[in-house]
Amino acid sequence: MQLFLLLALLAAAGDPPSASAALPDERQQLQLRQLQQQHQQKQQQQQEEFGDRVSFANGLCHQRSGRAKFCQPQFENLAVNQPVVASSTCGSPPTVVCRRDESGRHCERCDASQPKLQHPPAHLTDYHVHGSCWISGPLSVAAPSANLTLSFHKKQTVYYMSITGCGTELPDAIEAYKSSDYGSSWQLWHLFSKNCTRDYGKRGYSYQFREIIQPREVICSDINIITNSSGGVGGAGFSVQQPVLSFSTNFNRASSGSGYERDPVIIDWMLATDLRLVLIRRPRTDGGSFPEEPFAFSNLDIGGRCFCNGHASRCVSRDGRSVCDCAHGTEGDDCERCKPFWVDLPWQRATLSRATECRPCSCNLHSQQCSFDQQLYSKSGGKSGGRCARCQHNTQGPHCESCSDGYYRDLTKDLTSSKACQVCNCHPLGSVSNTCDRASGKCTCKVGVDGDKCDRCMRGFEQTNDARSPCRRIGGDPWPPAPPPAPRPPAPPTAPPPTRPKPHAPKDASDTGSGGSAGVSAKEDSAAVVGATPRPGRPDRKKKGGRRGKKKRGRNCKKNSKCRSNKKKLSQTDYCIRDWALVVQVSRIRRQKRWMQIRASIVRPYRCPATISGSGCGDQPPTLTLWVRRRLWRCGCQRMRASGRYLLLTRDKRRRQSRQDLVVDRQSILWEWRPELTERLLRLQSFPYYRSGEACSDCDCVSRRHRRRRQQRRRRRRQRRQRRQPRPNRAWLSL
């Protein structure tokens with residue numbers, strides 16, 4: 001309506017009176033063009049919407065109930081305006097060509113340099129433009145044939161092909177070839193000949209015979225029967241000036257009993273991506289000169305439809321080529337496969353009786369990935385073959401229908417809910433394992449422990465401090481009783497040690513002489529009488545410095561000093577709160593005044609500070625200098641040996657002169673390297689507990705959580721000191 005109003009205003013305004021009105025006219029023209037473009041876009045959009053509504057209303061690929069059905073694009077002439085490639089065309093050089101039509105025989109000039117005198121192969125597919133023909137170049141004994149090649153650029157279902165003569169003598173033979181792989185290979189499709197027996201050893205066939213043809217049989221059509229002619233153009237008995245040579249790809253073909261639409265052999269026989277016609281002129285049998293008259297044809301018609309395996313009702317242009325607008329959960333240029341998630345059933349070509357649509361996998365909204373499993377499809381009796389992959393929300397199974405280990409099914413929620421599987425939460429001491437019954441959620445308890453989560457003792461049992469048997473009978477021995485110790489093997493008999501004779505003591509003081517200076521004193525005498533007999537074989541001497549043979553510790557070493565090197569477990573927090581995680585190879589150890597200098601090379605870095613570049617995580621393993629306090633070295637905390645390989649986790653707090661210097665203190669973790677530590681470090685790098693949503697996803701979050709908990713512990717200790725109350729004992733079970 002706006003377009004018509006604007007046109008009326010422009011007509012009423014008339015021509016501009018002067019040049020000063022040129023600018024408004026240009027603006028009006030610009031607005032007019034914009035309105036025209038908008039009108040065209042809206043009209044095109046309405047046509048597309050109308051086409052979609054008609055497709056849905058007609059039920060081209062689905063019934064009104066929503067059930068899929070067989071569909072295919074409409075029938076059309078596949079050769080219209082398609083480019084044809086000819087091996088020879090008249091006009092180079094210019095020649096004179098004689099033809100015969102209804103008015104009689106006449107000759108004309110063929111010149112490729114003049115458009116009005118050209119006869120290119122495009123005239124074969126110009127949709128019945130009168131007087132347009134393709135004429136080949138002159139023929140000779142050396143070149144007795146010409147080729148015509150047409151490419152569809154997509155798989156098409158061809159029902160028939162026909163080519164119309166243009167007033168010249170027909171070829172002695174025509175060989176039709178098809179290609180189903182875009183010209184890579186060619187297959188003989190049909191034959192035309194004036195003498196099929198002589199040329200190809202076949203009996204001349206005509207569709208008037210109504211004889212059954214095998215599905216992949218190549219037949220030879222007799223040109224004489226088709227044209228009802230025994231000679232050339234202008235010869236005796238010539239009755240058709242423009243004869244039509246045609247053949248069908250499915251007429252009278254023997255099918256499997258349900259029609260050619262359901263027979264896969266006939267369907268494959270009808271498929272083609274390219275068509276090639278070889279026109280042949282034979283030498284005369286009567287010994288005459290070789291006929292040099294060129295070939296001439298006016299129209300090439302190919303009836304068929306776009307091939308979409310029965311899963312599309314139309315073909316659309318996409319990226320400059322024709323593709324199927326697929327339905328039934330299929331995709332591809334020819335709808336030849338199922339979509340990535342629509343693989344619950346195997347892909348099949350649709351037929352009139354069965355649509356065989358692709359079906360999405362049944363993963364209960366817990367996965368978006370699946371693949372087809374033939375074994376699962378066979379076990380289900382052909383009902384379902386999609387196996388879901390990467391099930392989420394703690395589910396598992398071919399359809400994500402069951403809970404993972406350590407989780408149970410919550411029947412109060414739907415199976416498609418993200419909270420359908422809940423964690424078991426079995427008590428670590430009262431339960432046998434962390435797994436529970438996936439249907440009820442009840443844990444497997446130890447003897448004497450009760451409760452769904454194994455968090456209390458049974459009646460008649462009391463709590464113990466033994467993790468192996470946390471509950472025992474009241475007033476009885478631990479249950480179950482501890483097994484008796486294994487008997488020790490008898491020790492082999494040993495010979496008694498040699499005894500030394502006891503020293504003879506004087507009987508009384510008179511034997512020692514006067515004054516007692518040369519004898520034993522009173523104290524020594526009482527010790528000799530009351531004390532025990534000295535150990536044979538050793539002198540009776542006083543022991544100094546504790547037990548003999550124990551390694552002497554440093555003077556500043558505490559008795560119960562904690563060393564991180566003595567830890568047996570490596571947690572995520574221990575890994576993240578330390579800036580360095582390296583595997584080092586010790587090469588040299590030197591002793592300084594207060595420090596021990598260790599020269600080491602990095603074998604593999606696992607974690608380095610973000611502010612350091614090139615000093616610890618470079619491509620080439622650098623050399624580091626480790627510094628350890630001598631007092632820690634003497635205490636045995638951070639001890640290393642030359643040519644040893646260690647795992648070192650330390651903080652980046654104190655550095656010395658060079659960037660390659662690293663201080664190892666009491667908070668550092670130093671383990672002797674073992675190959676099984678590699679898997680543990682890789683797990684710490686990937687944060688395995690983050691997938692379940694119960695932990696941090698990076699080391700910064702772990703460090704912040706560690707500092708927050710440490711502050712909370714300090715605050716609680718400060719509050720307890722203020723209250724001056726002893727710290728309460730925490731029981732391991734919630735009774």
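A search of the whole structure finds 22 salt bridges, each being a side-chain nitrogen of Lys or Arg within 4 Å of a carboxyl oxygen of Asp or Glu. Welcome to a predicted model, where local features need pLDDT of at least 70, side-chain atom pairs count only at pLDDT 80 or more, and totals for chains, interfaces and linings use all residues. Residues are numbered from 1 along each chain as its sequence is written, and side-chain values use heavy atoms, leaving out hydrogens and water.

**Salt bridges**

- Asp268 and Arg349 meet through their side chains in a salt bridge of 3.4 Å, N to O. Asp268 lies in helix α5 (residues 264–270) and Arg349 in the loop between β16 (337–338) and β17 (369–372), so this pair ties together parts that are 81 residues apart in sequence. Helices (H or I, at least four residues) and strands (E, at least two) are DSSP runs, numbered from the N terminus.
- Arg337 pairs with Glu331, with the closest N and O atoms 3.4 Å apart.
- Glu169, Asp172 and Lys194 are linked in a salt-bridge network.

- Arg99 sits in strand β3 (residues 95–101) and counts as buried because its relative accessibility is 11%. Buried means under 20% relative accessible area, exposed over 50%, and partly exposed in between (1.4 Å probe, protein chains only).
- Arg349 is partly exposed, with a relative accessible area of 26%.
- Arg337 is partly exposed too, at 40%.

**Helix α11**

- Arg717 lies in helix α11 (residues 699–723), and at 38% relative accessibility Arg717 counts as partly exposed.
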